[in-house]
Amino acid sequence: MNAATLSERLATLGKLGIGVPLLVVALLAMVVVPLPPILLDAFFTFNITLSLIIMLAVIYVARPLDFAVFPTVLLGVTLLRLALNVASTRVVLLHGHTGPGAAGRVIEAFGSFVVGGNYAVGIVVFVILVVINFVVVTKGAGRSRWTRCPASRWRSTPT
């Protein structure tokens, strides 16, 4: 199959409106079906590249409305990251006893970079990441744009 045929088929999926549901089904399949380490490496590399592209797009956008699709892109990338987390956790738990490269080269490289051969450092970094995630989730769940923002012009209750 050549590139023109593939792009035509992808355009057809977009016109039919089934491209996004197929991507969601593919993400759910990543959660359920065990992935080989080489495929995990490809998906992690794609995810890191996509994250850098999104970050650069957000930094260099001239006006906020120029990137109005950002919440949708953020949701899609978050779903991809969640599926990758579940898939990689499964591979590590099932095949981690066979050696450091059992879950793929990207996970092995990231683990050796973060831990640096010292398990105490790894535990401290892990605890810091857990605390940061807990604080972010807690603050995000308690935040209400309509009632707590003192600089807001709109109020949820009449003044």
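A: In this predicted model, Glu-108 and Arg-105 both belong to helix H5, where they stand 3 residues apart, about one turn of the helix. Their side chains meet in a salt bridge, with 3.0 Å from N to O. Side chains of opposite charge can pair when their charged atoms come close.

Arg-63 counts as exposed because its relative accessibility is 54%, while Asp-66, at 42%, counts as partly exposed.

Helix H5, which spans residues 105–115, also takes part in the lining of the largest pocket, to which helix H3 (37–60), helix H4 (70–95), H5 and H6 each supply at least two residues. Rolling a probe the size of a water molecule over the atoms shows where empty space is left. The largest pocket has a volume of about 1200 Å³, and of the 33 residues that line it, Ile-107, Phe-110, Gly-111, Val-114 and Val-115 lie nearest its centre. Sorted by class, this lining holds 18 nonpolar, 13 polar and 2 charged residues.

The second largest pocket, with a volume of about 500 Å³, is lined by 16 residues, and those closest to its centre are Leu-23, Leu-27, Gly-76, Val-77 and Leu-80. Helix H2 (19–32), H3 and H4 each supply at least two residues of this second lining, and H4 gives the largest share, 7 residues. By class, the lining of the second largest pocket divides into 14 nonpolar and 2 polar residues, with no charged ones.

Helix H6, another contributor to the lining of the largest pocket, covers residues 119–142 and includes Val-131. Val-131 has 46% relative accessibility and so counts as partly exposed. Together with Ile-123, Phe-126, Val-127, Val-130, Phe-134 and Val-135, Val-131 makes up a nonpolar surface patch of about 690 Å².

Note on methods. Residues numbered from 1 in each chain as written. Predicted model: local features only at pLDDT ≥ 70, side-chain atom pairs only at ≥ 80, totals over all residues. Heavy atoms only, no water. Patch = residues over 30% accessible without salt bridge, like charges linked within 9 Å, V, L, I, M, F, W, Y side chains within 5 Å. Areas by Shrake-Rupley, 256 points an atom, 1.4 Å probe, with all protein chains shown as cover. Salt bridge = Lys/Arg side-chain N within 4 Å of Asp/Glu carboxyl O. Helix = DSSP H or I, 4+ residues; strand = E, 2+ residues; numbered from the N terminus. Buried < 20%, exposed > 50% of the residue type's maximum accessible area, 1.4 Å probe, protein only. 1 Å grid on protein atoms, 1.4 Å probe; cavity = no way out; pocket = protein on both sides within 12 Å on 5 of 7 lines; lining within 4 Å. Points joined across faces, edges and corners; volume = space filled by probe spheres on them. Nonpolar A, V, L, I, M, F, W, Y, C, P; charged D, E, K, R; others polar.
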